[in-house]
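Q: Please take a close look at one part, the place where the two chains meet. How are the copies related, and what makes up the interface?

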Protein chains: 2
Amino acid sequence: MNQNYIIADNWKIIEEGFDVSRVESSESIFSIANGAMGQRANFEEDYSGQTLQGSYIGGVYYPDKTKVGWWKNGYPEYFAKVLNAPNWIGIQIRIENEILDLNNCPKITDFRRELNMKNGVLKRSFTAIMKNKIEILVSSTRFLSIDDDEIGAIKYEITPLNQNARISCIPFLDGGIKNKDSNWDEKFWKINSLSSLNQSAFLEAETYKTKFKICSYMNNDFFIDEKKQNLAYKEIKDDCKIAHHYDFNIQKKSTLKIIKIGGYISTIRNTKKTVEIAKKKISISSKLGFEGLLKLQINAWSKIWDISDIKIDGDIKAQQAIRFNIFQLNQTYSGKHADLNIGPKGFTGEKYGGSTYWDTEAYCLPFYLATKPKSVAKNLLQYRYNHLQKAIDNAIKLGFENGAALYPMVTMNGEECHNEWEITFEEIHRNGAIAYAIYNYQKYTGDKSYLKEKGIFVLIAISKFWLQRFNFSEQKKKYVLLGVTGPNEYENNINNNFYTNYIAKWCIEYTLQTLNSIKNNDQKDYKKIIDKSVLTKSEVEKLHSMKDLIYLPFSKKYNVYLQQDDFLEKDIYPASKIDKKDLPINQNWSWDRILRSPFIKQADTLQTFYFFEDHFSKKELKLHYDFYEPLTVHESSLSPCIHSVLAASLGKVDDAYKFYLRTSRLDLDDYNKEVKEGLHITSMAGTWISIVEGFAGMRVKENNLFFAPKIPKKWKSYTFNILFREQILRVSISQSSTTFQVDGKNSMDLYVNNKEYVIKPNSELKIANILV
Amino acid sequence: MNQNYIIADNWKIIEEGFDVSRVESSESIFSIANGAMGQRANFEEDYSGQTLQGSYIGGVYYPDKTKVGWWKNGYPEYFAKVLNAPNWIGIQIRIENEILDLNNCPKITDFRRELNMKNGVLKRSFTAIMKNKIEILVSSTRFLSIDDDEIGAIKYEITPLNQNARISCIPFLDGGIKNKDSNWDEKFWKINSLSSLNQSAFLEAETYKTKFKICSYMNNDFFIDEKKQNLAYKEIKDDCKIAHHYDFNIQKKSTLKIIKIGGYISTIRNTKKTVEIAKKKISISSKLGFEGLLKLQINAWSKIWDISDIKIDGDIKAQQAIRFNIFQLNQTYSGKHADLNIGPKGFTGEKYGGSTYWDTEAYCLPFYLATKPKSVAKNLLQYRYNHLQKAIDNAIKLGFENGAALYPMVTMNGEECHNEWEITFEEIHRNGAIAYAIYNYQKYTGDKSYLKEKGIFVLIAISKFWLQRFNFSEQKKKYVLLGVTGPNEYENNINNNFYTNYIAKWCIEYTLQTLNSIKNNDQKDYKKIIDKSVLTKSEVEKLHSMKDLIYLPFSKKYNVYLQQDDFLEKDIYPASKIDKKDLPINQNWSWDRILRSPFIKQADTLQTFYFFEDHFSKKELKLHYDFYEPLTVHESSLSPCIHSVLAASLGKVDDAYKFYLRTSRLDLDDYNKEVKEGLHITSMAGTWISIVEGFAGMRVKENNLFFAPKIPKKWKSYTFNILFREQILRVSISQSSTTFQVDGKNSMDLYVNNKEYVIKPNSELKIANILV
């Protein structure tokens, strides 16, 4: 059974009632972040029950020594892991000397969590009767500032309800933290100093090996019934923790309020004087106060929502889900920092190391392209450009040469981290997605400068890789790619994965075409590029001849391209025939059985139809969809969105809706029973794609937006906004018609169901939907 | 460069001169064992330099928790490892209070080790000047009794050469030992008790988890210039070690001699009263004395050599090598205990866990069949029969049913230990070798009872596995085996590995044929077998139809069977073109590159020609040999022997000799630079095969021995003995002729170069060789 405890609401994620078995899941779901740091919804006060403590700083990682059963030459030495960082949110509370700990309270009532996605504020409140019979009301409000991404703020209030009480408040900074997923149980942090100054404290720490230095800081102000308190504290210190101990006598029904400001200053984006910078952050925060910071937060989120919101009328669970997805994407990646990227779990857990996968290019880019200034998407491209040399080094490790690049499957700093030969060495299609993102960016933004200045070097290095990776089959008289793993990781070490061969072929064509256009425009630029990337004439010639001789497996019997050479050798039957108790097969079948089965983890051949829609006819799409969809088990969170877009494009709105539901509430309803480990951030972009590219049918072709609006039966209407060429297009689709509106100064050409329209600025265009 | 320090000798392995860099290698090479326990050639006295301490007890293992990078469903939880056992050989020596330690002696001269293979006695002697300037002569003689495999004996002598000296002798038993290859650095042994009685001491220990209980014991007698000493000692004990401290004043040039008797009594083959049994062993040993025990040892080895020796005249290095190989095989497996098997490293190291591989059935069985009473080979078959239920459980784990069995790739107690999906789940041809061994045993011995009583159940369970593992390819209209790894582990997850498909087809045929013959002989027996193995009528029918429709990949262009479906898709060029610096490729190329290369680790398609020689014509053999041999890199120690046999069969004696050399001195000359980790025991049987089945061309066909004698140019003659149907055939092959002689009561039919001869008992048959 899926979980079903999140209360539906248009803007909020709500949990009511305290249940120890839900604590870890809620810690993930109620996570907050601001693109630079993140925090699981751990309690401020003590909690002795099951919990995954998690505070994360973007870009701070540790090279954890690789763990394998059997070493294969070419494996990386290290897996760069996002680190659980020193805890700055902690406040120990003692009521008449009894530590407040929800795992030990005889009675808890009115427990409620509420994450307001409109402004990124997490609230929690409860009434508890403690073992010492004292009844207290607790309320906490917390956010990480989007406006200044090195500041976080907590308002923590306690009211004794049934008697006067002596309350000790012990806010702290704790560097004695660990990673649950550490390979060898090593310590990742070295604590350099712990110090106090007035109401503030500072913890200076540095990561072993990577030597990232950070200062975690806190400042605490106290109020009783809104009256500020100025009293002394006792400093408590050990090797890795600093705390300030305050004692208060609180009258029955009076409220003690703590305002704790804190966060991280790291040397990644600052000078070494991290403590000095922390002091400035405290001074700014003090001037603004909690309410002032909150105002900035509300304002910042309001700007984000203005463009990225999707409104769904008539389906409150769908509404909550899509906003949750958009909210998390914005929490994870702000686009401000070119060294950061979008980890599959964002700042919500340790698993998958918070590293970068091909998910970014293949699934996330469209969302950021359409809802953020182009600098944000450009930062994502730039990230890979900056890692080009490391991708070349990675290829050298495997035996490639002459500047061929294989981008890593998983990375934090450009180096490959993954260590499973069938993935690390063989899932090489990732190179294709990275090239595709460059193409996608240019197509969407119209900005050609990136391609010429940086993108072309990435394309050349990737094409060099394909050049060496293909070999000529004497039997087929074609170039073949042997020993690969496609997006469908349920087949390994196969030959001629259609998707991989196709995207490789496209890569080569796009590289040659780009080179040609640069050459035609400016011979000098061309020469510079050729020289810098050491691209020889014979390489160019071989690329030219290779591109037309790339083998693409095809079945005449079924009239479809084959996922791989030997796909039809399998015993093929539809996924609907799998015994329900065997699902998901990745939890219930041996790897041996999965590999030999015809079942597909995620869009593979169909991914080609998503990326290269225009290369195929609708009839071809239908043939492939009808062949592969029934075999797909969607056991990757990245699968249903692609199927949703293709289904919508084929007019199968019910199917598209079914797929949409499978991703949109994946985490809220915990379909995979693993939300406690963190959220599926990258697949959240897929939910957005399902709506905008799926139901609304948005495409960009030759500098224009195209739409083919459709709407699920259950919805009254849905509305979204698209930032396109510096103007905002607002789109609202009801059961009968679609309304477009442009925020901007220029009129906009657009195509609806392939018919051209022009919208004037600040005017509305209403077009009747075509029924499917 | 290969090592080259072992001095050539017909019967002895000799090392002269002390070199710290050779200590670990020599510890392996000079290992001694008696089929039940084994001991690396560690020094009795202290040694602070690089050393791999190793004392092993057959059948005592520990389930070490599996270590993997990425877990796959179906992996075993544990890897059963052979354990480094409590050390019983240790004797600390102090000369005027300075500990004797060869790593700390200013001068060492006349260091010499000598392993006399004729009687399994290891001697070591040296003269050392210690830091305190005292010069001593030390000599140690050690053996593990073949006669009573729970007894070991050491004679340790010290003579001060330049002054009188106070010498402390501290023999001990030490349970504070570890495995170097432990996955998680866990302790494997719990020490239960340490006690002394008179000159003896006892250490009772038990393994964690597996709860094997053992008693390690020692008894020490002292002599000065052969005069027995009776004096008191001080007992020293800590948590895991017990020692007896003796002090002596030894005159210059007088000799102190210690006779230390010790070994292990385990509950595997004894009652729980292990200490009582140890006391009995001590009492027996004391009565016999060191010299008495040695006499029994010489006698026991002489019996072994009488049958298993191979004499080579004219090539002392080859002579030393073949005796070393035969010696090690006999040390490793005596055939006395059905729970033991032949670990790839025997009792000489920890690596590969001392477990059982398909090596036993595919490479070792012929040696034991031809040199031991048939009960020994039968014990090897019995071992797998006893593990049948675990093989069925292993298959269930992977999704098979109805009593299908998949024997483990690596095992100690029948459970699969290996955890690499491409091997564990896919290298399923091992099932074939286990069936082949049953066939081979029956063919060689003529004993049909085993097959009917036990073997048939193994065959049925294996055939059930093939029945479910093949699937019908609609394209090929044949049964295919998808996703396998053949003996060539340089290709993984391929389709239709010729060797695997062929042996599977043969298995099914052999099973059906055996069932048929049982049915024709005795319907009641047949019924019992069918019932016990739950073999249904429809399974039998499907096996019948399947066997004729098994796909065997074949190339019309080259007229050869293909190693796998897509072998010809590769870029194929001969191994001779690999840059020398890239060899061995498994150390110098990435796994990615190896997998895509056409290079073959060990006989794969050619293994089929070895097992099923009679199924193919000489012309076919030649075509396949000429196609595959140039692609084979022989990076498995199991490869050259098969090629040697096939080359000899094709009349290519020079090639055969080249391959013979590659295995015979593999460890003595440390070709793979890894001898320090232990010896390659199972491949040693391959050396024997190269001579007997290769050069001498011995085969068994229809209850007769066949020979086709050849001889390498370098040899004057070679002689070996074959135990066949209770008689010993002595074969001597010179450059010109071959002489046969039978020890026994009956005359023997035999075929030489396909011509029939009859030899009378105790007479000689001399036949001129056919020149090739």
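A: Chain A is superposed on chain B by a rotation of 179° with 0.0 Å of shift along its axis, at an RMSD of 0.1 Å (least squares on the C-alpha atoms of residues with pLDDT of at least 70 in both copies). That is the relation of a two-fold axis. In chain A, Val68(A) has the C-alpha nearest the axis, 2.4 Å from it.

This is a predicted model, in which local features need pLDDT of at least 70 and side-chain atom pairs count only at pLDDT 80 or more, while totals for chains, interfaces and linings use all residues. Residues are numbered from 1 along each chain as its sequence is written, chains are lettered from A in the order in which they are written, and side-chain values use heavy atoms, without hydrogens and water.

In contact (heavy atoms within 4.5 Å) are 48 residues of chain A and 49 residues of chain B. Of the interface residues of chain A, 100% are also interface residues in chain B, so the copies meet through the same surface. Between them the chains bury about 4,100 Å², 49% of it on carbon and sulfur atoms; buried area is the accessible area (1.4 Å probe) lost on being put together, summed over both parts. Trp70(A), Glu569(A) and Arg596(A) lose the most area in chain A, together 19% of what that side buries.

The count of salt bridges between the chains is 8, with a side-chain nitrogen of Lys or Arg within 4 Å of a carboxyl oxygen of Asp or Glu. One of them joins Arg469(A) to Asp592(B), with the closest N and O atoms 3.8 Å apart.

Methods. Buried area = accessible area lost by both parts, 1.4 Å probe.
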